[in-house]
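Subject: Structure handover and notes

Hello,

Here is the structure for your files. My notes on what was found in it follow below.

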Amino acid sequence: MVGVDWLMKNVTYRPHCYICFTASQSVRFLFSAKRPRPLPQCSAWVLLETLRGKVDNTTDLDNSLKQNLTLLTEHPATAYPSQDALWDRFEETFNAASGLISYVPVFKDYFYQGLQQFYTDNVMYLELRSGVSLTYELDGSTHDRAWCLNTYQDVTRKFVEDHPDFLGVRIILSVHRGLNVSEVKAVVEEAIHLQKEFPEVMAGFDLVGREDGGRPLWYFREALSLPAELGVTLPYFFHAGETDWEGTDVDENLLDALLFNTTRIGHGFALARHPLAKELSRKRGVAVEVCPISNQVLGLVSDLRNHPAAALMSEGHPMVVSSDDPATFGATGLSYDFYEAFVGLGGMNAHLGTLKELAINSIRYSSLSPELKDKALALWQRKWDKFISENSQ
(Lines give C-alpha, C1' and ligand atoms only; values in the text may rest on other atoms or scores of the structure.)
Protein backbone atom coordinates (compact mmCIF):
# COMPACT_ATOMS: atom_id res chain seq x y z
CA MET A 1 0.00 0.00 0.00
CA VAL A 2 2.59 2.53 1.13
CA GLY A 3 5.45 3.98 -0.88
CA VAL A 4 8.89 2.59 0.02
CA ASP A 5 10.23 6.09 0.71
CA TRP A 6 7.91 6.30 3.71
CA LEU A 7 9.03 2.87 4.90
CA MET A 8 12.68 3.79 4.62
CA LYS A 9 12.43 7.23 6.28
CA ASN A 10 9.75 6.55 8.89
CA VAL A 11 10.34 2.93 9.80
CA THR A 12 13.94 1.78 9.29
CA TYR A 13 15.25 4.69 11.39
CA ARG A 14 13.31 3.52 14.43
CA PRO A 15 15.34 1.95 17.23
CA HIS A 16 15.87 -1.82 17.49
CA CYS A 17 15.69 -2.37 13.72
CA TYR A 18 17.93 -5.26 12.69
CA ILE A 19 18.89 -6.29 9.16
CA CYS A 20 20.49 -9.34 7.55
CA PHE A 21 21.45 -10.07 3.94
CA THR A 22 20.21 -13.23 2.23
CA ALA A 23 21.99 -15.60 -0.11
CA SER A 24 19.41 -14.65 -2.77
CA GLN A 25 20.72 -11.07 -2.70
CA SER A 26 17.82 -9.65 -0.74
CA VAL A 27 17.40 -8.46 2.84
CA ARG A 28 15.35 -9.24 5.93
CA PHE A 29 14.36 -6.77 8.64
CA LEU A 30 13.32 -7.48 12.22
CA PHE A 31 12.63 -5.32 15.26
CA SER A 32 13.93 -6.93 18.43
CA ALA A 33 14.93 -5.95 21.94
CA LYS A 34 18.01 -8.18 21.57
CA ARG A 35 19.95 -9.70 18.69
CA PRO A 36 17.58 -12.11 16.85
CA ARG A 37 18.36 -15.74 16.24
CA PRO A 38 20.19 -16.42 12.97
CA LEU A 39 18.12 -17.16 9.87
CA PRO A 40 19.07 -19.90 7.38
CA GLN A 41 20.79 -18.58 4.25
CA CYS A 42 21.21 -15.15 5.85
CA SER A 43 24.14 -13.16 7.22
CA ALA A 44 24.44 -12.29 10.92
CA TRP A 45 21.89 -9.78 12.16
CA VAL A 46 23.19 -6.26 12.66
CA LEU A 47 21.45 -3.16 13.93
CA LEU A 48 20.67 -0.92 10.98
CA GLU A 49 21.67 2.04 13.13
CA THR A 50 25.13 0.47 13.57
CA LEU A 51 25.42 -0.28 9.84
CA ARG A 52 24.54 3.29 8.95
CA GLY A 53 27.19 4.52 11.38
CA LYS A 54 29.86 2.64 9.44
CA VAL A 55 29.14 4.12 5.99
CA ASP A 56 30.01 7.55 4.65
CA ASN A 57 26.85 8.01 2.63
CA THR A 58 23.63 6.82 4.28
CA THR A 59 21.59 8.04 1.29
CA ASP A 60 23.34 5.54 -0.98
CA LEU A 61 22.76 2.79 1.58
CA ASP A 62 19.07 3.67 1.91
CA ASN A 63 18.64 3.74 -1.87
CA SER A 64 20.29 0.33 -2.07
CA LEU A 65 17.97 -1.07 0.60
CA LYS A 66 14.89 0.40 -1.14
CA GLN A 67 15.73 -1.60 -4.24
CA ASN A 68 14.81 -4.73 -2.27
CA LEU A 69 11.28 -3.43 -1.72
CA THR A 70 10.27 -2.68 -5.33
CA LEU A 71 10.68 -4.04 -8.84
CA LEU A 72 11.96 -0.70 -10.13
CA THR A 73 15.10 -0.94 -12.25
CA GLU A 74 16.63 1.06 -15.09
CA HIS A 75 16.97 -2.03 -17.28
CA PRO A 76 13.99 -4.34 -16.64
CA ALA A 77 14.58 -6.58 -19.66
CA THR A 78 18.09 -7.34 -18.39
CA ALA A 79 17.21 -7.57 -14.72
CA TYR A 80 14.15 -9.76 -15.35
CA PRO A 81 14.75 -11.87 -18.47
CA SER A 82 11.72 -14.11 -17.79
CA GLN A 83 8.44 -14.24 -15.88
CA ASP A 84 10.10 -16.69 -13.49
CA ALA A 85 12.77 -14.12 -12.66
CA LEU A 86 10.11 -11.43 -12.25
CA TRP A 87 7.98 -13.49 -9.89
CA ASP A 88 10.96 -14.63 -7.84
CA ARG A 89 11.92 -11.01 -7.29
CA PHE A 90 8.31 -9.94 -6.80
CA GLU A 91 7.77 -12.39 -3.95
CA GLU A 92 11.14 -11.42 -2.47
CA THR A 93 9.88 -7.84 -2.08
CA PHE A 94 7.11 -9.11 0.20
CA ASN A 95 9.57 -11.18 2.22
CA ALA A 96 11.85 -8.17 2.59
CA ALA A 97 9.08 -5.83 3.71
CA SER A 98 7.23 -8.23 6.02
CA GLY A 99 9.59 -7.83 8.99
CA LEU A 100 9.03 -4.08 8.89
CA ILE A 101 5.28 -4.05 8.35
CA SER A 102 4.44 -6.84 10.83
CA TYR A 103 6.01 -5.04 13.81
CA VAL A 104 3.01 -3.88 15.87
CA PRO A 105 3.78 -0.12 16.13
CA VAL A 106 4.64 -0.04 12.41
CA PHE A 107 1.61 -2.16 11.48
CA LYS A 108 -0.73 0.49 12.88
CA ASP A 109 1.19 3.46 11.45
CA TYR A 110 1.66 1.75 8.07
CA PHE A 111 -2.04 1.02 7.67
CA TYR A 112 -3.02 4.56 8.63
CA GLN A 113 -0.44 5.96 6.21
CA GLY A 114 -1.76 3.65 3.48
CA LEU A 115 -5.27 4.96 4.02
CA GLN A 116 -3.90 8.49 3.91
CA GLN A 117 -2.17 7.88 0.57
CA PHE A 118 -5.31 6.39 -0.97
CA TYR A 119 -7.47 9.16 0.50
CA THR A 120 -5.14 11.77 -0.99
CA ASP A 121 -5.71 9.99 -4.31
CA ASN A 122 -9.49 10.54 -3.82
CA VAL A 123 -10.23 6.92 -2.91
CA MET A 124 -13.20 6.96 -0.52
CA TYR A 125 -13.52 3.22 0.23
CA LEU A 126 -11.01 0.37 0.16
CA GLU A 127 -11.14 -3.42 -0.02
CA LEU A 128 -7.76 -4.83 0.88
CA ARG A 129 -6.37 -8.32 0.50
CA SER A 130 -4.27 -9.12 3.53
CA GLY A 131 -2.75 -12.24 4.97
CA VAL A 132 -3.75 -10.79 8.36
CA SER A 133 -0.25 -11.85 9.33
CA LEU A 134 1.01 -12.74 12.76
CA THR A 135 2.15 -9.34 13.97
CA TYR A 136 4.90 -9.25 16.57
CA GLU A 137 6.11 -7.17 19.51
CA LEU A 138 9.64 -6.10 20.39
CA ASP A 139 10.01 -9.07 22.77
CA GLY A 140 9.12 -11.54 19.98
CA SER A 141 5.59 -12.30 21.17
CA THR A 142 2.96 -12.47 18.43
CA HIS A 143 -0.72 -11.68 17.90
CA ASP A 144 -3.29 -13.79 16.10
CA ARG A 145 -5.53 -12.92 13.13
CA ALA A 146 -8.37 -11.79 15.38
CA TRP A 147 -6.07 -9.19 16.95
CA CYS A 148 -5.03 -8.02 13.47
CA LEU A 149 -8.62 -7.65 12.25
CA ASN A 150 -9.52 -5.79 15.41
CA THR A 151 -6.55 -3.46 14.80
CA TYR A 152 -7.58 -2.91 11.17
CA GLN A 153 -11.03 -1.99 12.47
CA ASP A 154 -9.72 0.37 15.16
CA VAL A 155 -7.32 2.18 12.83
CA THR A 156 -10.05 2.52 10.20
CA ARG A 157 -12.43 4.03 12.76
CA LYS A 158 -9.74 6.50 13.79
CA PHE A 159 -9.14 7.40 10.15
CA VAL A 160 -12.86 7.92 9.52
CA GLU A 161 -13.02 10.19 12.57
CA ASP A 162 -10.21 12.26 11.06
CA HIS A 163 -11.71 12.07 7.54
CA PRO A 164 -15.54 11.94 7.82
CA ASP A 165 -16.03 11.58 4.06
CA PHE A 166 -14.06 8.31 4.01
CA LEU A 167 -16.41 5.32 4.06
CA GLY A 168 -14.16 2.63 5.47
CA VAL A 169 -12.20 -0.55 4.75
CA ARG A 170 -13.02 -4.22 4.39
CA ILE A 171 -10.43 -7.00 4.49
CA ILE A 172 -10.23 -10.04 2.23
CA LEU A 173 -8.30 -12.62 4.25
CA SER A 174 -5.74 -14.15 1.89
CA VAL A 175 -3.30 -17.03 2.16
CA HIS A 176 -0.65 -18.26 -0.25
CA ARG A 177 -1.60 -21.03 -2.66
CA GLY A 178 1.65 -22.77 -1.73
CA LEU A 179 -0.06 -24.15 1.40
CA ASN A 180 -1.43 -27.69 1.41
CA VAL A 181 -5.12 -28.63 1.63
CA SER A 182 -5.22 -29.17 5.39
CA GLU A 183 -3.51 -25.83 6.03
CA VAL A 184 -5.95 -23.97 3.79
CA LYS A 185 -8.87 -25.83 5.36
CA ALA A 186 -7.76 -24.64 8.79
CA VAL A 187 -7.63 -21.03 7.59
CA VAL A 188 -11.06 -21.33 5.92
CA GLU A 189 -12.47 -22.59 9.24
CA GLU A 190 -10.83 -19.65 10.99
CA ALA A 191 -12.16 -17.25 8.34
CA ILE A 192 -15.72 -18.46 8.99
CA HIS A 193 -15.36 -17.66 12.70
CA LEU A 194 -13.64 -14.32 12.03
CA GLN A 195 -16.43 -13.23 9.71
CA LYS A 196 -18.95 -13.84 12.48
CA GLU A 197 -16.80 -11.91 14.93
CA PHE A 198 -15.92 -9.02 12.58
CA PRO A 199 -18.81 -8.70 10.09
CA GLU A 200 -18.06 -5.01 9.44
CA VAL A 201 -14.45 -5.48 8.42
CA MET A 202 -14.21 -9.06 7.17
CA ALA A 203 -15.22 -9.28 3.49
CA GLY A 204 -14.19 -12.82 2.57
CA PHE A 205 -11.36 -15.11 1.51
CA ASP A 206 -8.86 -15.55 -1.33
CA LEU A 207 -5.79 -17.55 -2.35
CA VAL A 208 -2.86 -15.46 -3.61
CA GLY A 209 0.51 -16.10 -5.20
CA ARG A 210 1.57 -16.96 -8.71
CA GLU A 211 -0.92 -19.14 -10.55
CA ASP A 212 1.48 -20.49 -13.21
CA GLY A 213 3.35 -23.35 -11.59
CA GLY A 214 1.14 -23.12 -8.50
CA ARG A 215 -1.69 -25.29 -7.28
CA PRO A 216 -5.05 -24.84 -9.04
CA LEU A 217 -8.20 -23.95 -7.13
CA TRP A 218 -9.56 -27.46 -7.69
CA TYR A 219 -6.69 -28.85 -5.61
CA PHE A 220 -8.22 -27.04 -2.61
CA ARG A 221 -11.81 -28.13 -3.30
CA GLU A 222 -12.12 -29.97 0.03
CA ALA A 223 -11.17 -26.84 1.93
CA LEU A 224 -13.17 -24.45 -0.24
CA SER A 225 -16.33 -26.60 -0.01
CA LEU A 226 -16.30 -26.41 3.78
CA PRO A 227 -18.56 -23.33 4.19
CA ALA A 228 -21.28 -24.87 1.99
CA GLU A 229 -21.05 -28.14 3.90
CA LEU A 230 -21.49 -26.22 7.17
CA GLY A 231 -24.40 -24.23 5.74
CA VAL A 232 -22.63 -20.88 6.10
CA THR A 233 -21.62 -18.23 3.59
CA LEU A 234 -18.00 -17.20 3.21
CA PRO A 235 -17.64 -14.87 0.19
CA TYR A 236 -14.75 -15.70 -2.13
CA PHE A 237 -12.73 -13.19 -4.16
CA PHE A 238 -10.51 -15.53 -6.12
CA HIS A 239 -7.42 -14.62 -8.07
CA ALA A 240 -8.05 -16.47 -11.34
CA GLY A 241 -6.79 -16.27 -14.90
CA GLU A 242 -3.60 -14.33 -14.09
CA THR A 243 -1.85 -16.33 -16.79
CA ASP A 244 -1.05 -16.14 -20.49
CA TRP A 245 -0.80 -19.93 -20.84
CA GLU A 246 -3.77 -21.86 -22.20
CA GLY A 247 -4.62 -25.46 -21.37
CA THR A 248 -2.74 -25.83 -18.07
CA ASP A 249 -4.38 -26.93 -14.81
CA VAL A 250 -4.40 -23.38 -13.46
CA ASP A 251 -5.99 -22.14 -16.68
CA GLU A 252 -9.17 -23.81 -15.37
CA ASN A 253 -9.16 -21.58 -12.29
CA LEU A 254 -11.60 -19.17 -13.93
CA LEU A 255 -14.31 -21.83 -14.24
CA ASP A 256 -13.56 -23.26 -10.80
CA ALA A 257 -13.73 -19.78 -9.26
CA LEU A 258 -17.21 -19.38 -10.73
CA LEU A 259 -18.21 -22.86 -9.58
CA PHE A 260 -17.27 -21.78 -6.06
CA ASN A 261 -19.44 -18.65 -6.53
CA THR A 262 -16.62 -16.14 -6.41
CA THR A 263 -17.81 -12.59 -5.78
CA ARG A 264 -15.21 -11.06 -8.11
CA ILE A 265 -12.35 -12.39 -10.25
CA GLY A 266 -8.89 -11.09 -9.45
CA HIS A 267 -7.06 -10.19 -12.70
CA GLY A 268 -9.05 -12.45 -15.06
CA PHE A 269 -6.41 -11.87 -17.74
CA ALA A 270 -7.27 -15.18 -19.45
CA LEU A 271 -11.06 -14.65 -19.41
CA ALA A 272 -11.25 -13.74 -23.10
CA ARG A 273 -10.07 -17.28 -23.96
CA HIS A 274 -12.90 -18.90 -21.99
CA PRO A 275 -16.25 -18.02 -23.62
CA LEU A 276 -18.27 -20.06 -21.10
CA ALA A 277 -16.58 -18.43 -18.09
CA LYS A 278 -17.00 -15.02 -19.68
CA GLU A 279 -20.70 -15.64 -20.29
CA LEU A 280 -21.25 -16.96 -16.77
CA SER A 281 -19.43 -14.09 -15.11
CA ARG A 282 -21.36 -11.55 -17.15
CA LYS A 283 -24.74 -13.16 -16.41
CA ARG A 284 -23.96 -13.39 -12.70
CA GLY A 285 -22.53 -9.87 -12.51
CA VAL A 286 -19.13 -11.14 -11.37
CA ALA A 287 -16.73 -8.28 -12.01
CA VAL A 288 -13.15 -8.70 -13.17
CA GLU A 289 -10.59 -6.80 -11.11
CA VAL A 290 -8.37 -5.46 -13.88
CA CYS A 291 -4.80 -4.61 -12.80
CA PRO A 292 -3.19 -2.91 -15.83
CA ILE A 293 0.17 -1.91 -14.34
CA SER A 294 0.60 -5.21 -12.50
CA ASN A 295 -0.10 -7.22 -15.66
CA GLN A 296 2.37 -5.12 -17.61
CA VAL A 297 5.14 -5.16 -14.99
CA LEU A 298 4.79 -8.91 -14.36
CA GLY A 299 5.15 -9.72 -18.04
CA LEU A 300 1.65 -10.71 -19.14
CA VAL A 301 1.35 -7.90 -21.70
CA SER A 302 3.81 -5.30 -22.94
CA ASP A 303 1.44 -2.96 -24.77
CA LEU A 304 -1.72 -2.28 -22.78
CA ARG A 305 -3.67 -1.65 -25.98
CA ASN A 306 -3.38 -5.45 -26.45
CA HIS A 307 -4.69 -6.24 -22.94
CA PRO A 308 -7.67 -8.66 -23.12
CA ALA A 309 -9.65 -6.33 -20.87
CA ALA A 310 -9.87 -3.86 -23.75
CA ALA A 311 -12.31 -6.28 -25.42
CA LEU A 312 -14.15 -6.86 -22.12
CA MET A 313 -14.55 -3.12 -21.69
CA SER A 314 -15.96 -2.70 -25.21
CA GLU A 315 -18.46 -5.48 -24.49
CA GLY A 316 -19.63 -3.87 -21.27
CA HIS A 317 -18.39 -6.77 -19.13
CA PRO A 318 -18.53 -6.10 -15.35
CA MET A 319 -15.15 -4.57 -14.51
CA VAL A 320 -13.37 -2.69 -11.75
CA VAL A 321 -9.84 -1.27 -11.65
CA SER A 322 -7.35 -2.41 -9.00
CA SER A 323 -3.82 -1.21 -8.32
CA ASP A 324 -2.79 -4.65 -6.95
CA ASP A 325 0.52 -3.79 -5.20
CA PRO A 326 1.17 -0.17 -6.17
CA ALA A 327 4.20 0.49 -3.97
CA THR A 328 6.03 -2.50 -5.43
CA PHE A 329 5.54 -1.05 -8.91
CA GLY A 330 6.60 2.48 -7.96
CA ALA A 331 3.02 3.78 -8.13
CA THR A 332 0.67 5.08 -5.46
CA GLY A 333 -3.07 4.90 -4.81
CA LEU A 334 -5.30 4.07 -7.77
CA SER A 335 -4.99 6.93 -10.28
CA TYR A 336 -2.06 5.44 -12.18
CA ASP A 337 -4.08 2.32 -12.97
CA PHE A 338 -7.18 4.35 -13.80
CA TYR A 339 -5.09 6.34 -16.26
CA GLU A 340 -3.70 3.18 -17.87
CA ALA A 341 -7.19 1.67 -18.11
CA PHE A 342 -8.57 4.89 -19.61
CA VAL A 343 -5.83 5.39 -22.19
CA GLY A 344 -4.61 1.84 -22.85
CA LEU A 345 -7.83 -0.18 -22.57
CA GLY A 346 -10.39 2.46 -23.44
CA GLY A 347 -8.54 3.77 -26.48
CA MET A 348 -9.63 6.76 -28.53
CA ASN A 349 -13.30 6.08 -27.79
CA ALA A 350 -12.87 6.52 -24.02
CA HIS A 351 -14.38 9.68 -22.55
CA LEU A 352 -15.47 11.16 -19.23
CA GLY A 353 -18.34 8.68 -19.08
CA THR A 354 -15.82 5.82 -19.16
CA LEU A 355 -14.13 7.11 -16.02
CA LYS A 356 -17.51 7.71 -14.39
CA GLU A 357 -18.65 4.14 -15.07
CA LEU A 358 -15.39 2.66 -13.75
CA ALA A 359 -15.67 4.72 -10.58
CA ILE A 360 -19.30 3.71 -10.00
CA ASN A 361 -18.39 0.08 -10.66
CA SER A 362 -16.01 0.21 -7.68
CA ILE A 363 -19.05 0.71 -5.47
CA ARG A 364 -21.49 -1.38 -7.50
CA TYR A 365 -19.29 -4.51 -7.32
CA SER A 366 -17.98 -3.97 -3.81
CA SER A 367 -18.79 -6.19 -0.84
CA LEU A 368 -20.76 -3.42 0.88
CA SER A 369 -24.34 -4.07 1.92
CA PRO A 370 -27.08 -2.62 -0.33
CA GLU A 371 -27.71 0.14 2.24
CA LEU A 372 -24.03 1.13 2.40
CA LYS A 373 -23.77 0.99 -1.40
CA ASP A 374 -26.61 3.52 -1.62
CA LYS A 375 -24.83 5.71 0.93
CA ALA A 376 -21.55 5.40 -0.96
CA LEU A 377 -23.16 6.19 -4.31
CA ALA A 378 -24.88 9.27 -2.86
CA LEU A 379 -21.59 10.52 -1.40
CA TRP A 380 -19.76 9.78 -4.64
CA GLN A 381 -22.42 11.56 -6.70
CA ARG A 382 -22.00 14.73 -4.62
CA LYS A 383 -18.25 14.62 -5.19
CA TRP A 384 -18.77 13.98 -8.91
CA ASP A 385 -21.22 16.87 -9.27
CA LYS A 386 -18.76 19.16 -7.49
CA PHE A 387 -15.95 17.98 -9.79
CA ILE A 388 -18.06 18.62 -12.91
CA SER A 389 -19.17 22.02 -11.65
CA GLU A 390 -15.63 23.17 -10.84
CA ASN A 391 -14.23 21.98 -14.16
CA SER A 392 -16.96 23.18 -16.51
CA GLN A 393 -16.70 26.90 -15.83
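The count comes to 21 aromatic pairs, where rings of Phe, Tyr and Trp (its six-membered ring) pair if their centres lie within 6.5 Å, and planes under 30 degrees apart count as stacked, over 60 as edge-to-face and the rest as tilted. One of these pairs is tyrosine 103 with tyrosine 136: the ring centres are 5.6 Å apart and the planes are at 35°, so the pair is tilted. Tyrosine 103 lies in the loop between helix H5 (83-101) and helix H6 (104-120), and tyrosine 136 in the loop between strand E4 (125-130) and helix H7 (145-162), so the pair ties together parts that are 33 residues apart in sequence. Helices (H or I, at least four residues) and strands (E, at least two) are DSSP runs, numbered from the N terminus.

Before going further, a note on the source. This is a predicted model, in which local features need pLDDT of at least 70 and side-chain atom pairs count only at pLDDT 80 or more, while totals for chains, interfaces and linings use all residues. Residues are numbered from 1 along each chain as its sequence is written, and side-chain values use heavy atoms, with hydrogens and water left out.

Tyrosine 103 counts as buried at 9% relative accessibility, and tyrosine 136 is buried at 9% relative accessibility as well. Here buried means under 20% relative accessible area, exposed over 50%, and partly exposed in between (1.4 Å probe, protein chains only).

A further tilted aromatic pair is formed by phenylalanine 107 and tryptophan 147, at 6.3 Å centre to centre with 40° between the planes. This pair links distant parts of the chain, since phenylalanine 107 is in helix H6 and tryptophan 147 in helix H7, 40 residues apart. Phenylalanine 107 has a relative accessible area of 7% and is buried, whereas tryptophan 147, with 22%, is partly exposed.

Elsewhere, one aromatic cluster is made up of Phe205, Trp218, Tyr236, Phe238 and Phe260. There is also a charge over a ring: arginine 52 lies over the face of tyrosine 13, at 3.5 Å from the ring centre. The rule for this asks that NZ of Lys or CZ of Arg is within 6 Å of the ring centre and within 35 degrees of the ring normal.

What does leucine 115 touch beyond its neighbours within four places in sequence? Its contacts (heavy atoms within 4.5 Å) are Met1, Leu126, Thr156, Phe159, Phe166 and Val169. Leucine 115 is in helix H6 and counts as buried, at 0% relative accessibility. Its C-alpha atom is separated by 8.2 Å from that of threonine 156, 41 residues apart along the chain.

On the cysteines, the count comes to one disulfide, meaning a pair of cysteine sulfur atoms within 2.5 Å. Cysteine 20 and cysteine 42 form this disulfide, with their sulfur atoms 2.1 Å apart. The link is right-handed, with 95° about the S-S bond. Cysteine 20 lies in strand E1 (residues 17-21) and cysteine 42 in the loop between strand E2 (27-31) and strand E3 (46-47), so the pair ties together parts that are 22 residues apart in sequence. Cysteine 20 is buried at 0% relative accessibility, and cysteine 42 is buried with a relative accessible area of 18%.

Cysteine 17 is buried, with a relative accessible area of 2%, and cysteine 291 counts as buried at 2% relative accessibility.

Regards
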